[in-house]
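Open the model in your viewer and keep the sequence beside it.

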Amino acid sequence: MTKILVIGANGSVGRHVVASLAEGGHEVRALVRDGARADLPAGVEAVRGDLAAPESLVNALRGGVESVYLMWPGIPVQPRVVELIAEHAERVVYLSADVADLADDEPAVIFHQEIERLIRKSGLGWTFVRAIDFAGNMLGWADQVRQGVVRWPYGEARRSLVHEQDIADVAVAALTEDGHDGGKYVVTGLESIAHAELARIIGEELGSAVRWEELAPETAREQLTAAWGNAAFVESRLRAWEAFAREPERVTDTVERVLGRPARSFRSWVRDHAEDFR
């Protein structure tokens with residue numbers, strides 16, 4: 001068994017990574033910013049550190065850490081973090097997004113590309129888990145679901161939302177099994193489902209009717225910009241949803257190829273998170 005450092009241990013995916021590794025008998029160390037508030041399984045070692053202060057990771061990486069699970073939050077990229085991982089560990093599994101490879105002289109469109117490039121040039125063994133949008137983003141509808149109506153744009157946009165446990169399971173396989181070095185695993189849900197159908201499924205699983213109400217893109221742009229505070233991000237989401245209304249978000253067989261079983265369904269995700277909607 002290897003000693004594995006999990007960076008992002010309290011995240012929606014990271015907490016499943018920690019739990020699965022611990023259940024599998026691996027020696028797990030979790031990087032946390034506040035040890036007193038860390039909610040970790042028994043036997044998991046918590047070590048304080050912060051990606052925004054790279055040298056704080058040194059203690060977490062010492063003592064025989066061989067593999068690292070890396071999740072990068074939305075903070076400026078710190079190349080020193082990747083350098084430190086390469087100095088101490090042998091492999092890294094990075095939770096990325098569905099992005100294109102970046103050439104050495106090409107500017108990054110999104111920070112995931114920059115981190116992937118740093119990792120590729122680091123000398124580490126690596127696997128990129130390129131996750132499609134999380135099903136967990138649908139919790140943003142929770143208040144509307146409680147009111148019985150979801151008002152959102154592009155009801156026909158077909159999404160292949162992925163269960164966070166599937167992402168974690170693929171990451172754990174890459175951390176603990178041979179044969180995953182150089183993998184660029186695009187992880188999706190089981191199928192593409194339209195926004196309006198997602199709302200209906202949520203209602204069915206909760207046992208209450210949830211009605212869809214189409215929101216004009218112009219109205220959505222105004223409301224989401226006010227709520228999210230990032231006009232550029234809102235615009236990118238609206239463009240993506242408009243595109244998915246014409247051509248569904250892609251579905252891959254990555255989960256089945258890596259794990260030997262189909263991806264979890266969106267319905268199963270709703271059942272797992274029913275109380276979050278209530």
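**Stop 1: Ala38**

Select Ala38 and look for what touches it. Leaving aside neighbours within four places in sequence, Ala38 is in contact with Asn10 and Val32, where contact means heavy atoms within 4.5 Å. Ala38 and Asn10 are 28 residues apart in sequence, yet 7.4 Å apart in space, C-alpha to C-alpha. Ala38 sits in the loop between β2 and β3. The labels refer to DSSP runs numbered from the N terminus: helices are H or I runs of at least four residues, and strands are E runs of at least two. Ala38 counts as partly exposed because its relative accessibility is 21%. On this scale buried means under 20% relative accessible area, exposed means over 50%, and partly exposed lies in between (1.4 Å probe, protein chains only).

Before moving on, note that this is a predicted model, in which local features need pLDDT of at least 70 and side-chain atom pairs count only at pLDDT 80 or more, while totals for chains, interfaces and linings use all residues. Residues are numbered from 1 along each chain as its sequence is written, and side-chain values use heavy atoms, with hydrogens and water left out.

**Stop 2: the sheet**

Now colour the strands. In what order do the 7 strands of the open sheet come? The order is β3-β2-β1-β4-β5-β6-β9, with parallel pairing. Two strands pair if DSSP finds at least two bridges between them. The edge strands are β3 (45-48) and β9, each of which pairs on one side only. From one strand to the next, the twist averages 20°.

Select residues 65-71 and 91-97. These are strands β4 and β5, which run parallel and are joined by 5 bridges. Tyr69 stands opposite Val93 in β5.

Next select residues 125-131, which form strand β6. Strand β6 runs parallel to β9, and 5 bridges join the two. Thr127 has Gly183 in β9 as its bridge partner. Is strand β9 (residues 183-187) mostly covered or mostly uncovered? Strand β9 is mostly covered, with 4 of its 5 residues buried.

**Stop 3: two helices on the sheet**

Select α1 (residues 14-23) and α6 (residues 164-176). α1 lies across β1 (3-7), β2 (27-32) and β4, and runs at about 165° to β1. α6 lies across β1, β4, β5, β6 and β9, and runs at about 155° to β5. Angles run from 0 to 180 degrees between N-to-C directions, and axes are lines fitted to C-alpha atoms, for helices over the stretch in contact.

In α1, the buried residues include Gly14, His16, Val17, Val18 and Leu21. The buried residues of α1 pack against β1, β2, β4 and α6. After α1 comes Gly25, whose phi is positive, near 85°.

How do α1 and α6 pack against each other? Their angle is about 50° and their axes are 9 Å apart. That makes α1 oblique to α6. Angles under 35 degrees count as roughly parallel, over 145 as roughly antiparallel, 65 to 115 as roughly perpendicular and the rest as oblique. His16, Val17, Ser20 and Leu21 in α1 meet residues of α6, among them Ala168, Val172 and Leu175. By class, the residues of this contact of α1 with α6 are 6 nonpolar, 4 polar and 2 charged. Ala, Val, Leu, Ile, Met, Phe, Trp, Tyr, Cys and Pro count as nonpolar, Asp, Glu, Lys and Arg as charged, and the others, Gly among them, as polar.

**Stop 4: α8 and α9**

Select residues 217-228 for α8 and 231-246 for α9. The two helices pack at an angle of about 140°, with their axes 9 Å apart. α8 and α9 are therefore oblique to each other. Residues of α8 including Leu224 and Trp228 meet residues of α9 including Phe233, Leu238 and Trp241. The contact of α8 with α9 has 9 nonpolar, 1 polar and 3 charged residues.

**Stop 5**

Select Tyr154, in the loop between β7 (149-152) and β8 (158-159). Tyr154 is not a glycine, but has a positive phi of about 55°. Tyr154 is buried, with a relative accessible area of 18%.

Finish at Ile193, in strand β10 (residues 193-194). Ile193 counts as buried, at 8% relative accessibility. Not counting residues up to four places away in sequence, Ile193 touches Ala157, Arg158, Arg159, Leu198, Ile201 and Phe266. Ile193 and Phe266 are 73 residues apart along the chain, and their C-alpha atoms are separated by 8.6 Å.
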